[in-house]
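Reader: I am new to this structure and would like to learn how to read its features one at a time. Could we look at it together?

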Amino acid sequence: MLSVLAAGALLVSSCRKDPLKDMTAEESRIYVTNYDEEADFSSYKTFSIVDSVAVISNRQGAAKELTAYDQALLTNLKSSMQSRGYTLVDKSAKPDLAMNVTRIDNTTTQVGYDPGYWAGWPGYWDTGYWGYPGWNYWFPSYYTVFQYNEKSVAVDLVDLKNAASHGNQLTAIWNAQLRGTGVWNGNNLDSMLKAVFDQSQYLKTSN
Amino acid sequence: MKSIKTIILVLIGSLGVSGAFAQSSRPPLSLNLNYSIAQPLGSLSDYAKNTSFRGWQIGLQYALNDRLALGLKTGFSDFYERVPRAVYPGKGEDVSAMQTHTLQTIPILATVQYTLASPEARVMPYAGLGVGTANMNYEKYWGEFVEKENKWAFQVSPELGVNVPFGKYSPVMLNANVQYNYAPFKVNEISNFNSIQANIGVKFHIQ
């Protein structure tokens, strides 16, 4: 009886067409953007971006890194934001928006997680970096995310302009996640970030 | 009206008579092994439109008499469609992904079958009905990330087919049939499970 069941199980699994088998790295990747539907993106004029990339992992200690990939990532993000009309300023010049950039190397196979969970991990950008020591980050609950267990990149755009009215919380108003095979490969940066900004047409300021 | 009643009475009577002569021609217990091709219909087709060529069916039947048989059957079908990269908008969210839509189904049905010819016939047409449950395994891939939902649903499957014995009174027959499947299965874009399925295989009367 058991051998019949085993043979049956084998038949079932071998009959199935495996979606991952013929998938290219490009096809495996997904680009997710979340935005605050209440936010008026044109009301922000200036932005600043972190000077390196936070690397978060559940296997090894957290670090801030600035590899060639990280430099290319930051450069691309700066020019993409500038092309939407935002002015890049130093973080000391009271920017309206702060951009946090994180690489996540997570090997758990959890099937779901709270959005913005990476903001609570050691190694993520401390709110003190943006001049708000002791504050927390706040990711609105309508941010939805997919299950995953691989390397990814998260870009979080945080509202500093209205920080005072949000009670010790820096609210994320936009977030982009790059997931799948090859997201940490510099050759893929341009196409990935183009997709992210193309699908975020609302992300622009008025001059 | 009276004549219809008479016909029904005669039919019931003849069932009883042939029941008395049960097991006269072939051993009552038979095994069915079929290869299956299934065409999705309705919302299932909108989800994954490709014909499933990855299917099979296995069944056991016990003949109460030369006409009427009761049984159990199970099987497998795998529906699949790949959708090129697109941006999928959600609430406060946009996801760029190539999607792979898949659904695997394993029905377990109790069957009743009525043969429309005598056991000496060279071609034995029949009508059948299967009622039971089906395991529906919905897996929608966003890139390489899977959104899963596994559910059991009620299923009903009427069937029309023929058995062609390999020689008069042969216990081995060629079986070909067409079956319609309906299950009230609702997940995301699928509002009902509908498919039409062709099965071809052999039927052995074993004991």
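Reader: Which side chains meet in a salt bridge with an N to O distance of 3.2 Å?

Author: Side chains of opposite charge can pair when their charged atoms come close. The rule applied here asks for a side-chain nitrogen of Lys or Arg within 4 Å of a carboxyl oxygen of Asp or Glu. In this case Arg82(B) and Asp22(A) meet in a salt bridge, 3.2 Å from N to O. Arg82(B) lies in strand β3 of chain B and Asp22(A) in the loop between α1 (2-15) and α2 (25-28) of chain A, so the pair joins two chains. Helices (H or I, at least four residues) and strands (E, at least two) are DSSP runs, numbered from the N terminus. The model is predicted, so local features need pLDDT of at least 70 and side-chain atom pairs count only at pLDDT 80 or more, while totals for chains, interfaces and linings use all residues. Residues are numbered from 1 along each chain as its sequence is written, chains are lettered from A and ligands numbered from 1 in the order in which they are written, and side-chain values use heavy atoms, with hydrogens and water left out.

Reader: How many salt bridges are there between chain B and chain A?

Author: The count between chain B and chain A is four, and over all chains it comes to twelve. One of those between the two chains is formed by the side chains of Arg16(A) and Glu139(B), at 2.8 Å from N to O. As for the elements involved, β3 (68-90), β4 (93-115), β5 and β6 of chain B each supply at least two residues of the side that touches chain A. The most comes from β4(B), with ten residues.

Reader: What area is buried between chain B and chain A?

Author: The size of an interface is often given as the accessible area lost when the parts come together. Here the buried area (the accessible area, with a 1.4 Å probe, that two parts lose on being put together, summed over both) is about 2,700 Å², of which carbon and sulfur atoms give 57%. The contact, meaning heavy atoms within 4.5 Å, takes 29 residues from chain B and 32 residues from chain A.

Reader: Which strands pair between the chains, and in what sense?

Author: Two strands pair if DSSP finds at least two bridges between them. Strand β1 (residues 30-35) of chain A pairs with β4(B) in the antiparallel sense over four bridges, and there Tyr31(A) stands opposite Ser96(B). Within chain B, strands β5 (residues 124-142) and β6 (residues 145-165) run antiparallel and are joined by 19 bridges, with Tyr126(B) opposite Gly161(B) in β6(B). Their hairpin has two residues between the strands, and Gly143(B) takes a positive phi near 55° there.

Reader: How many aromatic pairs does a search of the whole structure find?

Author: A pair of aromatic rings is described by the distance of the centres and the angle of the planes. Rings of Phe, Tyr and Trp (its six-membered ring) pair if their centres lie within 6.5 Å, and planes under 30 degrees apart count as stacked, over 60 as edge-to-face and the rest as tilted. The search finds ten such pairs over all chains. The rings of Tyr88(B) and Trp142(B) have centres 5.4 Å apart and planes at 75°, so this pair is edge-to-face. The pair links distant parts of the chain, with Tyr88(B) in strand β3 and Trp142(B) in strand β5 of chain B, 54 residues apart.
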